[in-house]
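The sequence and structure come first.

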Amino acid sequence: MKKFFTTISNIWKIDDLRVRITNTLLFLLIYRVGSFVVLPGVNAASLNNQQAKEGLTGLLNMFAGGSFARASIFALGVMPYISASIVVQLLGIAVPYFAKLQKEGESGRNKLNQWTRYLTIIITFLQAFAYLHSQITVDQMNLPNPYFTVLNMCVLTAGTMFIMWLGEKITDKGIGNGISLIIMVGIIAALPGALITEFQSRNAGAGGLVTFIVEIVALILVVMFTILIVQGTRKIAVQYAKRIVGNKQYGGVRQYIPLKVNAAGVMPIIFAQALMFIPATVAQFFPNAASNGILMALSDYTSLWHNLLFAILIILFTYFYTAITVNPNQMAEDMKKNGGFVPGVKPGKTTADFIDGVISRITLPGSIFLAIIAIIPALASLVHVSSAFARFFGGTSLIILVGVVLDTLQQIESHLLMRHYDGLMKTGRIKGRTAIPSADGASQPVI
């Protein structure tokens, strides 16, 4: 405990770090306040919040921090920006123009960011239209419909762009990745209410306090398991050739390429969940098909067939997303240009094949562990854990929380070490997700 208070004191002594943490908290406070501001012309008292918390809308509501169910000006959250980022990233694989921009360094990244912003506006307009027509009924509108739709499409688009601006300001003036922190705050905002609800239900007789304590211990163990997956790396040794320039020697050192066991992050779960919502959507729009046994089994997120198919999709999407975000050929080419080589492996294509083989081998256990984490909430629901609390036992929410917290703590620790203070741990150093090689050879965090 003394070590903890000493670390907090050291953090507060560093002026730059203190200002950055304060700025981050203020920006996040602005975001949370805005998430409770209802769209103009919406009768908030008549909103059906429960319906907006189920299925695919429940997933969107979780990422938006509850704004989706409250018809807030931030109802769409940062999901349009994430969608635009994924599209631009995929274009970098398929379109030569975007692939060229990825290799142009800082200027190329600035142009890609501009394309991402423009695409975000288009996607937000489309999603705003769909949101207003699917979530807001006529009796919940206090304004005439054409004016109401146009006005709130502009408001929702402005809200998403404002959140993007907040995220960029947090990254620039605060600590951690701004967009990731905004998503994390939205998810964690539901944790106190879920804990209180679970405690009250257990205290009322559904298992007692002992069961509640067991659930907390199980949650801690799952978090530790998730940290193991997020942090897991396979290091490939790289030797650099010696160069003599004048009287000085350059190179000749051995470094390591850290390949993540879970290089795809949380994206395979998001893709798989989107597909798993299709049976429920078909059953909703076609009542006659809802009686189909297979359709009913796939629509029930606690059924064996649903979770089996869900796990298979996650494994497949993990391989797919890893293949498009990690480029062994680019990594081998960069190593060759810098005079580096893997000991015992020829430079060039042989090195690329070697790296690709290592990635393929470590992706299998990573994808299986990711699938296990994704289906844990369903297993928790089978033992009568409330659905709100069960979400924190795995899936997208837990992986995002763990990854963002680790990234933020890593940045705080870097500031401490730069000022010659002790790190956050007695032994070792905190590793975030920032060492993931991307398709353009740079390192980027995964959501």
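The second largest cavity is lined by Leu259, Lys260, Ala263, Thr322, Val326, Ile359, Ile362 and Thr363, where a cavity is a set of points on a 1 Å grid over the protein atoms alone at which a 1.4 Å probe fits but cannot get out, and lining residues have an atom within 4 Å of a point. The model is predicted, so local features need pLDDT of at least 70 and side-chain atom pairs count only at pLDDT 80 or more, whereas totals for chains, interfaces and linings use all residues. Residues are numbered from 1 along each chain as its sequence is written, and side-chain values use heavy atoms, without hydrogens and water.

About 50 Å³ of space lies in this cavity, a volume being the space filled by probe spheres set on grid points joined across faces, edges and corners; the count of cavities of 30 Å³ or more is two. Helix 17 (349–382) and strand 4 each supply at least two lining residues, and helix 17 gives the most, with three. Helices (H or I, at least four residues) and strands (E, at least two) are DSSP runs numbered from the N terminus.

| Class in the lining | Residues |
|---|---|
| Nonpolar (Ala, Val, Leu, Ile, Met, Phe, Trp, Tyr, Cys, Pro) | five residues |
| Polar (the others, Gly among them) | two residues |

Strand 1 (residues 233–240) pairs with strand 4 over seven bridges, and alanine 237 has tyrosine 256 in strand 4 as its bridge partner.

How values were computed:
Pairing = 2+ DSSP bridges. 1 Å grid on protein atoms, 1.4 Å probe; cavity = no way out; pocket = protein on both sides within 12 Å on 5 of 7 lines; lining within 4 Å.
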